[in-house]
Amino acid sequence: MMIICDLHTHTRFSFDGAPESTPDALCRRALEVGVTHLAITDHCDINGEVEGIYTPYAADEAWEAMTAAKEKYKGRLHLSLGIELGNAHQYPAEAAAVLARYPYEFVIGSLHNLTNVPDFCMLRYDMMTDAHIHHLFGRMLDETLEMLSFDGLHTLGHLTYMHRYITLAKKPFDFKPHYEKITAIYQKLIDKDMALEINVSTLWKGLGVSMPTLELLKLYRDAGGKLITVGSDAHSPENLGKSVRKGYALLRTAGFSEVMVMEDGQRTMASIL
């Protein structure tokens with residue numbers, strides 16, 4: 001039986017999680033849709049918390065709920081107790097304190113905004129010139145590389161998160177001028193023995209591309225990258241596991257035969273052939 005993983009999900013403990021999305025509800029849904037390996041990775045965007053933009057992550061309550069679910073579904077589901085740590089490089093001491101609080105088994109490192117700039121989802125790409133968009137994308141890559149110097153991350157989440165909103169604004173975008181910077185990010189991942197996430201939320205939301213795209217997955221493979229994680233980025237139980245199989249198909253097209261999953265805090269490789 002093929003392992004089906006979803007290593008990027010959110011509960012009500014994320015500031016944007018659905019009220020009905022609890023760790024228990026996600027586990028029940030995982031069993032319903034055939035997900036064998038699940039990670040709960042609620043948001044902790046450290047810059048947003050320090051700057052008072054987001055409601056602070058309820059770490060104690062979330063940890064209690066996750067550990068209860070792990071015990072309840074033991075033997076039926078590989079559940080990893082995780083967190084999505086956003087923009088860790090912007091407040092590294094505070095970010096390190098978050099990870100020191102509990103023994104998280106799986107940590108996604110994500111960049112949701114540039115320093116002192118709103119979330120990429122809030123920017124008006126339809127009002128920007130192509131040159132401006134490319135400039136911002138280059139800055140995003142620079143900060144992503146900087147973020148990867150922060151220790152304690154297992155995978156790089158949705159590398160092309162900004163591209164999601166460029167696509168929604170119906171603006172064409174050519175990645176080729178950024179290959180050098182993207183390859184430097186891939187080399188950093190390889191050097192640190194970290195994975196690259198393929199985030200398939202843009203597939204089940206109908207945008208037609210993954211994050212990163214097939215083009216950039218091939219570039220990762222060509223750079224020598226081997227570690228890949230897969231996540232739906234579901235913020236409610238109904239979306240858990242969506243398009244994971246489509247993600248597998250893209251990975252096979254890009255030349256990958258395995259994905260990285262977690263079992264009791266230890267990573268293992270699972271065939272997708």
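Analyst: One term to begin with: Ala, Val, Leu, Ile, Met, Phe, Trp, Tyr, Cys and Pro are classed as nonpolar, Asp, Glu, Lys and Arg as charged, and the others, Gly among them, as polar. This is a predicted model, in which local features need pLDDT of at least 70 and side-chain atom pairs count only at pLDDT 80 or more, while totals for chains, interfaces and linings use all residues. Residues are numbered from 1 along each chain as its sequence is written, and side-chain values use heavy atoms, with hydrogens and water left out.

User: OK, how many cavities of 30 Å³ or more does a search of the whole structure find?

Analyst: The search finds one, and the volume of the largest cavity is about 40 Å³. On a 1 Å grid over the protein atoms alone, a cavity is a set of points where a 1.4 Å probe fits but cannot get out, whereas a pocket is an open set with protein on both sides within 12 Å along at least five of seven lines, and a lining residue has an atom within 4 Å of a point. Points are joined across faces, edges and corners, and the volume is the space filled by probe spheres set on them.

User: And which residues line the largest cavity?

Analyst: Its lining is made up of Leu111, Phe120, Met140, Thr144, Leu156, Gly157, His158, Leu159, Tyr161 and Met162. Two or more of the lining residues come from each of α5 and α6 (161–168), where helices (H or I, at least four residues) and strands (E, at least two) are DSSP runs numbered from the N terminus. By class, this lining has seven nonpolar residues, three polar and no charged.

User: Switching to pockets, what is the volume of the largest one?

Analyst: The largest pocket has about 240 Å³, and of the 19 residues lining it, Asp16, His43, Tyr161, Arg164 and His235 are the closest to its centre. Elements giving two or more residues to this lining are β2 (37–45), α6 and α8 (201–204), with α6 giving the most, three residues. Its classes come to seven nonpolar, five polar and seven charged.

User: What about the second largest pocket, which residues line that?

Analyst: Lys70, Glu71, Lys74, Gly75, Arg76, Leu77, His78, Leu79 and Asp264 form the lining, around a space of about 170 Å³. At least two of the lining residues come from each of α3 (59–72) and β3 (78–86), and by class five are charged, two nonpolar and two polar.

User: Now the packing: how many residues does the largest nonpolar core have?

Analyst: The largest core has 87 residues, and those with the most contacts inside it are Leu85, Tyr104, Phe120, Ile228, Val230 and Val259. Helix α5 (residues 130–147) supplies the largest share of this core, six residues. Such a core is a set of buried Ala, Val, Leu, Ile, Met, Phe, Trp, Tyr and Cys residues joined through side-chain atoms within 4.5 Å, and buried means under 20% relative accessible area, with exposed over 50% and partly exposed in between (1.4 Å probe, protein chains only).

User: Take Val230, what does it touch?

Analyst: Leaving out residues up to four places away in sequence, Val230 touches Cys5, Asp6, Leu7, His8, Ile198, Val200, Val244, Tyr248, Leu251 and Val259, where contact means heavy atoms within 4.5 Å.

User: And disulfides, what does the count come to?

Analyst: The count is zero disulfides, a disulfide being a pair of cysteine sulfur atoms within 2.5 Å. For Cys44, which is in none, the nearest cysteine sulfur is that of Cys121, 17 Å away.

User: Is Cys44 buried or exposed?

Analyst: Cys44 counts as buried because its relative accessibility is 1%. Cys44 sits in strand β2, and apart from neighbours within four places in sequence, its contacts are Glu49, Tyr57, Ile83, Glu84, Leu85, Gly86 and Val98.

User: Where is Cys121, then?

Analyst: Cys121 is in the loop between β4 (106–110) and α5, and at 37% relative accessibility it counts as partly exposed. Beyond four places in sequence, Cys121 touches Tyr161 and Tyr165; the C-alpha atoms of Cys121 and Tyr161 are 8.6 Å apart, although 40 residues separate them along the chain.
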